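The structure comes first, then the notes.

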Amino acid sequence: KNRAFERLLLHPLKKRIKKEILEEKYDFIFSTFFSSTNHYGRIIKSLTKNTMLMAYNADVLVAHPLWICNDVECYFVPTQKGYEEMKRNGQLPHLLELSGFPIDDKFNKKFSSVREEREKLGLRNSFTALLVMGGEGIGPTHKIAKSILDENLGIQLVVICGRNIGLKKSLELLNYPNMVIREFVSNIQDYIYCSDVVLGKS
């Protein structure tokens, strides 16, 4: 399945990737996406260059077989559970490095009351649902938001559209008074703190 995914999405970029590696003479490439890791691994191996490939298992607690790639110099895994699962699925143990999970200090901030924090974000102090589908705003966000608001539950729905400007524009056309629409935000932790329920993906 991984190879099929690569052929569909990454193979058209193969020549460009090879050319870039040769021209830029990278010391290393750090990958956080499973299919890119395998793809870069095969390309670097075919070039017999000194470019190192390192990877990070961003799924943290799990390690699907698609993550496995033994063409890396080092594979960083943030948890013991993920580490053991990668070994079981075929990752060579000497390539694994238990690294811990890096967290930005901003996630350790001390909050005021929910009422005060909502006010800072321009939100009403009422039951709040947060809908967020990652930084790119992918998935059926428009459909989900409309379904929730059509129920007339009287709740405040905050939708983070990420970088998906088309989504933002389409939601604005719905003109729901109980919906708050935001583009990409760098303080998602504040919105999570102010919400009674969070829907979506990371």
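Because Lys87 and Glu84 are three residues apart in helix α4, about one helical turn separates them.

The model is predicted: local features need pLDDT of at least 70, side-chain atom pairs count only at pLDDT 80 or more, and totals for chains, interfaces and linings use all residues. Residues are numbered from 1 along each chain as its sequence is written, and side-chain values use heavy atoms, with hydrogens and water left out.

Helix α4 (residues 80–88) also holds Lys81 and Glu85, four residues apart; helices (H or I, at least four residues) and strands (E, at least two) are DSSP runs numbered from the N terminus. The side chains of Lys81 and Glu85 form a salt bridge of 3.7 Å, N to O. Lys81 is partly exposed at 48%, whereas Glu85 is buried at 17%.

## Other salt bridges

Over the whole structure, nine salt bridges are found. One of them joins Glu136 and Arg163, with the closest N and O atoms 2.8 Å apart. This pair links distant parts of the chain, 27 residues apart: Glu136 is in the loop between β5 (128–133) and α6 (141–150), and Arg163 in the loop between β6 (156–160) and α7 (165–174). Glu136 is partly exposed at 47%, and Arg163 is partly exposed at 48%.

A network of salt bridges links Lys168, Glu172 and Glu183.

## Strand β1

Strand β1 has a covered face, made of Ile29 and Ser31, and an uncovered one with Phe28 and Phe30. Ser31 is buried, at 5% relative accessibility. Its side chain makes a polar contact of 2.7 Å with that of Thr37; such a contact is a pair of N or O atoms within 3.5 Å, and within protein one must be able to donate a hydrogen and the other to accept it, while residues adjacent in sequence count only if both atoms are side-chain atoms.

Phe28, at 45%, is partly exposed.

How values were computed:
Buried < 20%, exposed > 50% of the residue type's maximum accessible area, 1.4 Å probe, protein only. Salt bridge = Lys/Arg side-chain N within 4 Å of Asp/Glu carboxyl O.
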